[in-house]
Amino acid sequence: MMRQYELVERVQKYKPDANEALLNKAYVYAMQKHGQQKRASGDPYISHPLEVAAILTDMHLDESTIAVALLHDTIEDTTATRAEIDELFGEDIGRLVEGLTKLKRLDLVSKKAKQAENLRKLLLAISDDVRVLLVKLADRLHNMRTLDHMKAEQKARISEETMDIYAPLAGRMGMQDMRDELEDLSFQYINPEAYATVTQRLADLSARNEGLIKKIEDELRDLLIANGLNDAFVKGRQKKPYSVFRKMQSKSLSFEQLSDVYGFRIIVDDVACCYKALGVVHTRWRVVPGRFKDYISNPKQNDYRSIHTTIVGPSRQRIELQIRTQLMQEIAEYGIAAHALYKDGQGPVKGGELLPKESNAYSWLRHTIESLAEGDNPEEFLEHTKLELFQDQVFCFTPKGKLIALPRGATPIDFAYAVHTNIGDTTVGAKINGRIMPLVTRLNNGDEVEIIRSGVQVPPAAWEEIVVTGKARSAIRRATRMAIRKQYAGLGHRILERTFERAGKIFSRDALKPALYRLAHKDVEDAIASVGRGELSSLDVLRAVFPDYKDERVTVKPSADEGWFNMPSASGMMFKLPAKSQTEVENAQAAGLSSTLLPIRGLSSSTQVRFAPSGAVPGDRIVGIMEEGKNKGITIYPIQAPALQKFDDEPERWIDVRWDLDEANKSRFLAKLAVNTINEPGTLATVAKTIGGLDINIRTLSMGNNRADDFSEITMEVEVWDLRQLNQLLSQLKDLDCVANLKRVYD
């Protein structure tokens with residue numbers, strides 16, 4: 001374990017005037033707070049923050065960042081508080097430490113939601129100060145280096161999270177070396193067999209080609225010196241296991257088919273020398289077509305600059321070359337950390353180059369944070385962030401020459417949303433390089449894209465399956481939600497007008513505003529839409545607006561809830577309908593409905609209250625529809641039922657209903673499922689055994705036409721006690737190896 005004086009010496013090597021007292025104070029405080037805590041390996045816990053600090057000293061970061069690294073787990077894992085750290089080390093360090101602290105006691109329904117909220121908190125902290133990111137990545141890197149001592153399931157979970165989020169995040173921030181190491185460490189736990197195979201193949205190849213890298217280095221260096229590039233530095237390397245495995249998968253190649261396992265970097269004095277070196281190499285060796293990229297002229301979004309080319313070089317080996325300056329090398333190695341090093345000025349002058357004040361990676365981060373303010377739920381935010389992290393890029397232009405960086409595979413719709421959300425929402429067509437092309441066209445590097453717009457356009461929900469950027473998907477989902485809310489708000493408005501008119505009141509949006517807090521809604525439109533969806537009773541809105549309002553009601557058997565009367569089923573289950581005014585009762589009687597207690601689950605032809613064919617179960621949000629003609633009565637539908645759409649323009653037929661179960665006399669309820677299974681012996685028995693094991697009855701079962709020889713379609717009706725039991729069944733069926741897909745069916 002590193003000692004206190006060793007850490008101070010490491011910092012003083014690159015920053016002689018470092019605040020030694022701050023480092024000593026942070027070291028002692030962390031040591032005291034972590035006390036006798038141990039890591040899974042048995043090492044003292046303090047060894048972890050010390051190693052994180054050591055990683056950051058390799059990046060030559062300031063003493064405040066090193067102090068944060070020493071303190072980064074104190075608030076989360078010890079009795080330390082933010083106030084205490086503020087008092088001892090200042091608010092700046094306290095804010096950074098709190099930014100690195102995971103959220104606790106989150107009332108979230110899934111681990112994915114918790115993961116998303118922690119990522120959201122981290123990104124917000126990073127946007128405030130980039131040093132949070134540097135400490136977090138160093139923390140994750142050391143955790144990955146010491147993952148051997150964790151349980152198998154923890155190794156897999158942490159490695160997947162690292163591969164999904166932290167390695168791509170390091171890459172998007174330009175820290176390529178750290179990304180490579182994080183990916184390799186994750187790879188060996190996520191897919192240990194593939195890791196072992198690729199590692200062994202690379203070792204065998206290295207043994208066969210012993211001395212080859214040195215030979216190619218010498219030949220390249222001699223060629224460059226002979227052409228006046230005396231200070232050129234050449235370094236070769238064999239690609240890392242995960243890089244090789246990823247290429248084998250993406251290109252569908254075997255290991256033997258890989259031809260550029262070796263990569264070489266040529267580092268020269270300035271930009272002019274980069275292009276001179278390129279000319280020298282291309283003149284001497286044959287270029288592999290389609291393998292040239294100029295990231296100096298068009299830098300990546302994370303500030304990465306270099307020239308990439310692949311040649312059939314010395315010894316007739318196919319080798320990949322990267323040509324860059326020393327400053328470009330620092331940016332490629334440290335990424336955003338290089339900007340942290342020089343953040344107080346315009347940056348060092350090296351070969352005529354200036355390091356910009358702010359990394360372009362921050363531009364991406366700001367766009368990500370914009371999506372936080374758009375109100376996406378945690379799972380959507382996590383999905384969008386992963387989409388942005390993973391994608392390689394293409395570069396396209398607006399008609400005015402503005403450069404737009406997009407993920408590979410992006411469409412004109414993605415392009416439109418990248419320019420502005422309003423442009424994306426009003427897109428109806430696109431011209432690519434002057435020609436009108438379909439909106440599903442995949443964009444290529446250098447395309448000029450002109451968007452054709454219409455003021456009456458609303459983005460179709462199907463666009464979500466076409467686009468590849470998180471920003472576009474988020475905007476399309478948001479527009480779809482707004483369109484649906486508008487429809488429900490129209491229905492809700494008509495229902496409320498009718499209810500208020502019946503009570504002798506006038507409904508207005510302004511009158512509803514003061515009552516919003518009683519209805520637990522943020523705005524008027526949201527409350528009205530909730531009425532349209534059946535989530536909020538129009539009578540509850542009336543009472544919220546007019547608390548003193550009392551109406552005359554005809555109730556046969558008052559229940560505990562004012563304004564409702566009960567309907568028992570034959571089994572004793574009580575179902576609740578809103579109590580009706582005298583006029584409504586008379587109308588119901590005229591329609592053939594009884595104003596006394598109504599049976600809900602009678603099976604005879606005289607049944608007046610019935611369920612929709614696909615059923616409904618306690619826990620479903622439900623609505624009643626008053627039927628007309630020969631089917632006089634009330635039909636109960638789950639709120640998700642597509643059949644409800646045909647009643648959108650008939651709000652007078654909608655009846656507010658809700659469950660009221662009699663626990664002493666429980667009853668089963670019908671739900672319909674569609675199960676897509678693998679067509680093999682024993683499948684049906686396995687499904688039936690799972691259903692029976694949960695005390696669930698199969699009422700009907702039918703086998704449909706096979707979608708393909710390998711699959712079967714099963715449609716079944718099951719009888720369950722409630723929605724909790726049904727969800728338990730769906731979860732267990734999904735876990736079966738023989739079940740490819742399943743869904744609940746609504747009529």
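1. In strand β19 (residues 654-656), Ile655 is the bridge partner of Gly624. Strands here are DSSP runs of E with at least two residues, and helices are runs of H or I with at least four, both numbered from the N terminus. Strand β19 pairs with β17 in the antiparallel sense over three bridges; two strands count as paired if DSSP finds at least two bridges between them.

2. The model is predicted: local features need pLDDT of at least 70 and side-chain atom pairs count only at pLDDT 80 or more, while totals for chains, interfaces and linings use all residues. Residues are numbered from 1 along each chain as its sequence is written, and side-chain values use heavy atoms, with hydrogens and water left out.

3. Strand β17 (residues 622-627) is mostly covered, five of its six residues being buried (under 20% relative accessible area, with exposed over 50% and partly exposed in between; 1.4 Å probe, protein chains only). Six bridges join β17 to the antiparallel strand β18 (residues 633-638).

4. The four strands form an open sheet of mixed pairing, in the order β16-β18-β17-β19. Strands β16 (609-611) and β19 stand at the edges with a single partner strand each, so one side of each lacks a neighbour in the sheet. On average, neighbouring strands are turned by 35° against each other, direction ignored. The parallel pairing of β16 with β18 runs over three bridges, and Val609 has Ile634 in β18 as its bridge partner.

5. The largest nonpolar core has 55 residues, of which Leu56, Leu71, Phe89, Ile93 and Met178 touch the most other members. Such a core is a set of buried Ala, Val, Leu, Ile, Met, Phe, Trp, Tyr and Cys residues joined through side-chain atoms within 4.5 Å. Helix α9 (residues 131-145) gives the most to this core, namely eight residues. A second, separate core of 39 residues includes Leu205, Ile216, Ala232 and Tyr242.

6. The axes of helix α12 (residues 192-208) and helix α14 (residues 241-251) come within 9 Å and cross at roughly 105°. Helix α12 is therefore roughly perpendicular to α14 (angles of 65 to 115 degrees; under 35 is roughly parallel, over 145 roughly antiparallel and the rest oblique). Axes are lines fitted to C-alpha atoms, for helices over the stretch in contact, and angles run from 0 to 180 degrees between N-to-C directions.
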